[in-house]
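Work through the exercises below with the model open. Try each task before you read its solution.

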Protein chains: 2
Amino acid sequence: MKIGILGTGMVGQTIAEKLVQLGHQVMMGTRDKKATLTKTGKDNFGRPVFGEWIKKNSKVQLGTYSEAASFGEFLVNATSGIGTVDALKAAGENNLANKVLLDISNPLDFSKGMPPSLTICNTDSLGEQIQRTFPKTKVVKSLNTLNAYLMTNPKLLPERTNIFLNGNDSNAKAEIKNLLISFGWNENDVIDMGDISTARGTEQILPIWIRLMGTLQTPIFNFKIVIGGK
Amino acid sequence: MKIGILGTGMVGQTIAEKLVQLGHQVMMGTRDKKATLTKTGKDNFGRPVFGEWIKKNSKVQLGTYSEAASFGEFLVNATSGIGTVDALKAAGENNLANKVLLDISNPLDFSKGMPPSLTICNTDSLGEQIQRTFPKTKVVKSLNTLNAYLMTNPKLLPERTNIFLNGNDSNAKAEIKNLLISFGWNENDVIDMGDISTARGTEQILPIWIRLMGTLQTPIFNFKIVIGGK
């Protein structure tokens, strides 16, 4: 399948690597192709930035947001939450229309230091904002509640854990669920929370996620929902 | 130990039953003793309201907020979040001073229907608000992330799960941890998140908790943090 990924950071790279392994054609989209390609060195987490990463991932094409969105039959939003709506506008409403968009973004605001707060929460969510702004796109929020490495490799953890789906379109959620299964998730561990407004719940997990990363001294953890006798 | 519990609802009752079982002396506090005692019937969840419940729990004393706070060497806030600060003010700053307060409340706003939103979140929390309002009280937030039955009976679940502590005072957190162990929690499952500002994380779990209760069709579940190789 032809898949367009918006965003060239750690999340986009990790998803792109996995999709290429699975035999998909991938184009990643960025605001400024030249700047993205010529950036070298490591990011804050010691990972190679895109200009280095792409040398070992030459099957991945790089385009503008608009080119990647036009290329993909299926789209992934891996931009940082604070720039998501602008990136999607740059991608172009027509290029997004009638497609499934897997939204991994989180509305994190790092501008006031650590830990970040949320730019949107409680009675709204970034998932809803995207769905309202692009009503013809089938937005499904998922994978935003854990580290990028775990998104595509849940078996890094010693036990099965859970992942959530939020979206209005049942067929689109079924498609994302199949994608997650191809990533290594067990289908019984994917919890369909309901329509896109339930993204308020999954996005508001981030405040405890970030603090747990500090307390546990690792980002390699996830939530398992343990259920008692009904 | 003499323990004062503010609030006479399901959470307060469940904690009171356990504390009495464990040999503590318990006084519960309410706004209006007569109204609380004469209420009969069941609540929305089919549980007997206080006037019925107390007949089978006659070791528990009932007082005003102020009487219960004055009685307790150790205090539990089991009021609903929307009324917590007023209840604590009625309890009296002097009655709260220099005591540990286990804060189980959540800032849930049911006034606009279900699911509730939060009255306070993101850059503040109810735990912090209580600590700011009563600076001489040692506020420790805990047990607010799961159903009342599980608070005092974590072994109702088929696996061990996690519980969080948020508070500024290490000794107070150690005291709450011991209380949790006496309730049946394994000490390794109690995660100290840090100072009271980390309550922003645990309180913002509620939006997904509430939606999970609907999706799973049971309130008898909890979060287990599964950690990968460090």
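**Exercise 1.** Find what rotation and what shift along its axis superpose chain B on chain A.

*Solution.* This is a predicted model. Next, look along chain B for the C-alpha nearest the axis: it belongs to B:Lys224, 2.5 Å away. Finally, check the contact residues.

**Exercise 2.** Classify the ring pair A:Phe50 and A:Trp53.

*Solution.* The structure has 7 aromatic pairs over all chains. In this one, the ring centres are 5.4 Å apart and the planes meet at 40 degrees. Stacked needs under 30 degrees and edge-to-face needs over 60, so the pair is tilted. Now place the residues. Both sit in helix 3 (residues 50–53) of chain A, 3 residues apart, which means about one helical turn separates them. A:Phe50 and A:Trp53 are both buried.

**Exercise 3.** Classify the ring pair A:Phe223 and B:Phe223, and say where each residue lies.

*Solution.* The centres are 6.0 Å apart and the planes stand at 75 degrees. That angle is over 60, so the pair is edge-to-face. A:Phe223 is in strand 11 (residues 221–227) of chain A, and B:Phe223 is in strand 11 (residues 221–227) of chain B, so the pair joins two chains. Are these residues buried or exposed? Both are buried. Last, widen the view: ring pairs link A:Trp209, A:Phe221, A:Phe223, B:Trp209, B:Phe221 and B:Phe223 into a cluster.

Notes: Residues numbered from 1 in each chain as written. Chains lettered and ligands numbered in written order. Predicted model: local features only at pLDDT ≥ 70, side-chain atom pairs only at ≥ 80, totals over all residues. Heavy atoms only, no water. Phe/Tyr/Trp six-rings, centres within 6.5 Å; stacked < 30°, edge-to-face > 60°. Helix = DSSP H or I, 4+ residues; strand = E, 2+ residues; numbered from the N terminus. Buried < 20%, exposed > 50% of the residue type's maximum accessible area, 1.4 Å probe, protein only. Least-squares fit on C-alpha atoms with pLDDT ≥ 70 in both.
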